Amino acid sequence: LLFHASQSWPIAANHLAVIVSAIGFLALSIWLYRKATEFFPLAFVFSCIVLGFPIYQYTIVRKDCILLLLLISCLTILRGGWKSWIQWSVVNLSCCCGVLLHETFAFIAFPVLLLAVKELSCRQLAHRVAYLSPSLFCFVIVLMFHGDASTAQAIHDSWHPLWSQAQVSPEWMHQPFATIQSIGWTTEQGLLQTKGLLQNGLYQPAAWFCVLLLTFMLAGRFLLARHQSKLAEWLQLLIFQLICVAPLFLLGIDYGRWIFLWIVSSMILFTSGYRLPEKIAHHALVQSITNLFVSFISYLPRKEWLLLFFGLPILWGLMNFVNASPVGRFLWEMYSLAR
């Protein structure tokens with residue numbers, strides 16, 4: 001779409017991408033400000049775990065915010081009271097757009113669209129699978145025919161005038177790079193990056209586990225005091241969405257992005273009134289795990305200044321982690337100016 005728009009308008013495609021991405025980020029910010037602040041303090045909503053992440057990690061010009069907006073549209077449509085066939089037609093249209101934009105949409109959206117029914121039965125689940133079948137089929141087609149190295153090269157070559165205009169480095173002019181290059185990867189090539197990360201010792205996996213755990217605890221603790229009776233429901237949604245996005249941690253090493261999608265998608269679901277089906281939420285094992293986390297998180301301090309010292313890096317590195325937080329970034333900038 002951006003390619004064809006840039007052929008008709010006097011605006012370069014990369015500038016259009018920036019404009020569309022900025023609008024998406026602003027729209028998500030406005031929605032979270034209006035809706036999520038009912039349940040979470042403003043400091044948390046604008047922290048480096050939520051809306052601060054795209055700013056501090058330069059990921060506003062990514063697809064993530066638009067994917068989250070499409071999730072919001074699906075949830076809003078399902079609560080709109082439209083006729084069933086119209087409702088699911090528009091939901092499938094939104095889902096297919098999300099999947100074609102980036103396959104990660106399936107992980108943050110499909111499970112909850114299938115299971116977000118208060119009293120889930122096998123019959124209801126079968127109906128939802130049938131209703132969502134066009135989107136599921138689209139996802140399967142994308143996985144099977146995402147392209148190979150020749151597809152990536154053809155896409156790269158079609159953008160050649162833009163590379164020249166944007167003065168891309170000469171070594172990048174003739175070979176696909178970044179996301180375009182990844183289109184040509186096989187599943188095995190994609191998994192090699194994660195395999196390499198795991199084979200370099202326990203340092204990085206341990207560091208990411210700590211980041212994941214701290215993010216979970218902060219997200220749980222910063223539910224507003226007047227909504228503490230819903231803490232168990234919030235934690236259950238967080239755990240559920242983490243399980244849903246877990247495969248992404250094997251398919252790509254942009255772990256900060258996966259955590260961002262996990263937290264914000266969970267906030268969108270919780271704020272929109274979605275909860276786990278009672279059969280799952282009231283299961284003995286789920287209840288015992290939830291009660292354990294509720295007891296632990298209830299003892300943690302709810303101090304908003306803690307958010308100044310925590311941020312999510314896209315990729316792990318000690319300096320990446322330091323620069324991802326407001327205080328760390330400020331101190332680093334002061335050090336850079338003083339050198």
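Contact is defined here as heavy atoms within 4.5 Å. Helices are DSSP runs of H or I with at least four residues, numbered from the N terminus. The model is predicted, so local features need pLDDT of at least 70 and side-chain atom pairs count only at pLDDT 80 or more, whereas totals for chains, interfaces and linings use all residues. Residues are numbered from 1 along each chain as its sequence is written, and side-chain values use heavy atoms, with hydrogens and water left out.

Helices α8 (residues 122–131) and α9 (residues 133–144) pack with their axes 5 Å apart, at an angle of about 60°. This angle makes α8 oblique to α9. Axes are lines fitted to C-alpha atoms, for helices over the stretch in contact, and angles run from 0 to 180 degrees between N-to-C directions. Angles under 35 degrees count as roughly parallel, over 145 as roughly antiparallel, 65 to 115 as roughly perpendicular, and the rest as oblique. On the α8 side, V129, A130 and Y131 take part, and they meet S133, P134 and L136 of α9. By class, the contact of α8 with α9 has five nonpolar, one polar and no charged residues. Here Ala, Val, Leu, Ile, Met, Phe, Trp, Tyr, Cys and Pro count as nonpolar, Asp, Glu, Lys and Arg as charged, and the others, Gly among them, as polar.

Both α8 and α9 are among the elements that cover the buried residues of α6, as are α5 and α7 (104–115). Helix α6 (residues 84–101) has 18 residues, and its first and last C-alpha atoms are 25 Å apart, close to the 26 Å expected at 1.5 Å a residue. The expected span is 1.5 Å times one less than the number of residues. The buried residues of α6 are Q87, W88, V91, N92, S94, C95, C96, G98 and V99. Buried means under 20% relative accessible area, exposed over 50%, and partly exposed in between, with a 1.4 Å probe and protein chains only.

Helix α2 (residues 13–35) has 23 residues and reaches 33 Å from its first C-alpha to its last, close to the expected 33 Å. Its buried residues are A13, L16, A17, S21, G24, F25, L28, S29, W31 and L32. Their cover includes α1 (2–8), α3 (42–45), α4 (52–56), α5 (64–78), α11 (160–165) and α17 (255–271). The axes of α2 and α17 are 11 Å apart, at an angle of about 45°. This makes α2 oblique to α17. L28, W31, L32 and K35 of α2 meet V264, I268 and T271 of α17. By class, this contact has five nonpolar, one polar and one charged residues.

R257 is also found in α17, and is buried, with a relative accessible area of 5%. Beyond its neighbours within four places in sequence, R257 is in contact with F53, R62 and D64.

Two residues other than glycine have positive phi values. Y58, with phi of about 55°, is in the loop between α4 and α5 and counts as exposed at 66% relative accessibility. A178, with phi near 55°, lies in helix α12 (residues 178–183).

I243, in helix α15 (residues 231–245), is exposed, with a relative accessible area of 58%. Its C-alpha atom is separated by 12 Å from that of W258, 15 residues apart along the chain.
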